[in-house]
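Begin with the structure itself, then read on.

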Amino acid sequence: MRVADGSVVEMGRLRASELRALRREMQMIFQDPFTSLNPRMTLLDLVGEPLLVHGMKSRREREERVADLLRRVGLRPEYMRRFPHAFSGGQRQRIGIARALALHPRLVVADEPVSALDVSVQAQILNLLVDLQADFRLTYLFVAHDLSVVRYISNRVAVMYVGRLVELAETETIFRSPKHPYTAALLAAAPEPDPRLHTRRLVLQGEVANPAAPPTGCYFHPRCPHAIEVCRTQPPAWQEVAPGHLVGCHRAHDLQLAGVE
C-alpha cells in the first residue's frame with residue numbers, strides 16, 4: 001500500500017504498532033448491513049467505536065462527530081440512541097458507511113455493498129457513495145458482480161478469474177473493447193434492459209477451475225473458445241496492450257472481441 005509520504009509498504013511485514021496506525025487510513029463496508037452491525041449497540045456506539053479505539057476519549061466529542069456523520073449519510077442525529085433492528089436495510093447500510101468514514105480514511109473497501117438491498121435502494125446507496133467520494137476525497141476498492149453497478153461507480157475496472165487478475169483498464173475501455181475472452185464472456189452474459197436489442201450470449205463450456213489445483217498454463221484455457229497450444233502450457237504474461245490497458249492473455253493482440261455500448 002502507498003502511504004501518505006508516497007512510499008510503498010508491504011502490509012504483511014508491518015509490526016502491530018505500525019499496522020494499527022495504518023488502519024486509520026483503510027476501512028470497510030460489508031455486504032450484509034444487518035450481520036455487520038452489533039445488535040446490542042446503539043448507533044452512537046457503533047459509529048463512535050472507531051473514534052474511541054483510536055483515541056477520542058471525550059464522549060461529547062464522539063457524539064458531535066457521530067451526529068455529523070449521520071447527517072452526511074442521510075440519517076437524523078437523534079437516531080444515534082436507537083439499535084440496528086429499528087432500521088431498514090438501506091438505513092443499516094448507511095450506518096455501516098458512516099462507521100467506515102468515522103476516521104476519515106483514504107481507502108474504503110466496499111464488498112458487494114448493495115447486493116443485499118432492493119434495486120430502488122441500491123440506486124440511493126450508490127449515489128450516496130459517489131457524493132461521499134467527492135466530499136471525503138476517497139478511493140474505493142469496490143467489489144461487485146453486477147456489471148451495471150461496476151460501470152456506474154468505477155473509474156477503472158479489474159477483472160479476476162480464479163484469483164488472478166486477467167484484465168485492467170479504464171471503465172469505458174473495458175466495456176467497449178475487452179481484450180480477454182473471460183471479460184468478453186462476462187459482458188455478453190449481462191442482461192440488456194432494452195427489449196428491442198437482441199444480443200448473442202457467449203456460453204462458456206465446462207466449470208470454473210479449482211483454485212487449490214488450477215490447470216497449467218492460462219487458468220481460463222479449459223473454457224476459452226480461443227485457446228491455442230501455448231495457452232495450455234505457459235501462463236500468460238501481464239502486458240500493456242494500450243496506454244493504461246493491461247491484460248493477461250497470449251492472444252490479446254490477435255483477438256477482436258465484442259464489447260457493449
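The largest cavity has a volume of about 70 Å³. This is a predicted model: local features need pLDDT of at least 70, side-chain atom pairs count only at pLDDT 80 or more, and totals for chains, interfaces and linings use all residues. Residues are numbered from 1 along each chain as its sequence is written, and side-chain values use heavy atoms, with hydrogens and water left out.

**Cavity and pocket**

The structure holds one cavity of 30 Å³ or more. On a 1 Å grid over the protein atoms alone, a cavity is a set of points where a 1.4 Å probe fits but cannot get out; a pocket is an open set with protein on both sides within 12 Å along at least five of seven lines; lining residues have an atom within 4 Å of a point. A volume is the space filled by probe spheres set on the points, which are joined across faces, edges and corners.

The lining of the largest cavity includes four cysteines by name: Cys218, Cys224, Cys231 and Cys249. His180, His221, His226 and His250 also line it, as do Pro181, Phe220 and Arg251. By class, that lining has six nonpolar, four polar and one charged residues. Here Ala, Val, Leu, Ile, Met, Phe, Trp, Tyr, Cys and Pro count as nonpolar, Asp, Glu, Lys and Arg as charged, and the others, Gly among them, as polar.

The second largest pocket has a volume of about 240 Å³. It is lined by 13 residues, and Arg23, Met26, Gln27, Pro50 and His54 are the closest to its centre. Four elements each supply at least two lining residues: α1 (16-23), β1 (26-29), α2 (43-53) and α4 (89-101). Helices (H or I, at least four residues) and strands (E, at least two) are DSSP runs, numbered from the N terminus. The pocket lining has seven nonpolar, three polar and three charged residues.

**Cysteines**

How many disulfides does a search of the whole structure find? It finds zero. The rule asks for a pair of cysteine sulfur atoms within 2.5 Å. Cys218 is in no disulfide; its nearest cysteine sulfur belongs to Cys231, 6.1 Å away. Cys218 counts as buried at 12% relative accessibility. Cys231 is buried too, with a relative accessible area of 8%. Buried means under 20% relative accessible area, exposed over 50%, and partly exposed in between (1.4 Å probe, protein chains only).

**Salt bridges**

Side chains of opposite charge can pair when their charged atoms come close. A salt bridge here is a side-chain nitrogen of Lys or Arg within 4 Å of a carboxyl oxygen of Asp or Glu. The count comes to eleven salt bridges.

| Pair | Closest N to O |
|---|---|
| Arg151 and Glu172 | 2.8 Å |
| Glu172 and Arg176 | 3.3 Å |

Arg106 sits in the loop between α4 and β2 (107-111), and Glu25 in the loop between α1 and β1, 81 residues apart. Arg106 is partly exposed at 33%, and Glu25 is partly exposed at 24%.

Arg151 pairs with Glu172. Arg151 lies in helix α6 (residues 147-153) and Glu172 in helix α7 (residues 171-176), so the pair ties together parts 21 residues apart in sequence. Glu172 also pairs with Arg176. Those two are four residues apart in helix α7, so about one helical turn separates them.

Elsewhere, a network of salt bridges links Arg59, Glu63 and Arg81.
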